[in-house]
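Hi there,

Here is the structure I promised to pass on to you. Have a look at it first, and then read my notes below.

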Amino acid sequence: MDYFDNAIHYGPNDAGASTLSIALVVLAILFGSWMLGALYGLIANYFKKNKD
């Protein structure tokens, strides 16, 4: 009986992560962090304007 060799039977895309999905996740993280920074800037400017 042959033993099960993972290197032969599984490839890099067997986990379901394709290049497109990885790229979309990276872009979503970048866009999300940019949106949080923009929202923080808007809120900070709003409070700064109300303080003056």
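Predicted model: local features only at pLDDT ≥ 70, side-chain atom pairs only at ≥ 80, totals over all residues.

Trp34 is exposed, with a relative accessible area of 55% (buried means under 20%, exposed over 50% and partly exposed in between, with a 1.4 Å probe and protein chains only).

Residues are numbered from 1 along each chain as its sequence is written, and side-chain values use heavy atoms, leaving out hydrogens and water.

How many aromatic pairs are there? The count comes to two, where rings of Phe, Tyr and Trp (its six-membered ring) pair if their centres lie within 6.5 Å; planes under 30 degrees apart count as stacked, over 60 as edge-to-face and the rest as tilted.

- Phe31 and Trp34 form a tilted pair, 5.8 Å centre to centre with 35° between the planes.
- Tyr46 and Phe47 form an edge-to-face pair, at 5.6 Å and 65°. Tyr46 is exposed at 52% relative accessible area, and Phe47 is exposed at 54%.

Finally, find Ile22 in helix α2, which covers residues 19–51. Ile22 is partly exposed, because its relative accessible area is 48%.

Happy exploring!

Methods
Helix = DSSP H or I, 4+ residues; strand = E, 2+ residues; numbered from the N terminus.
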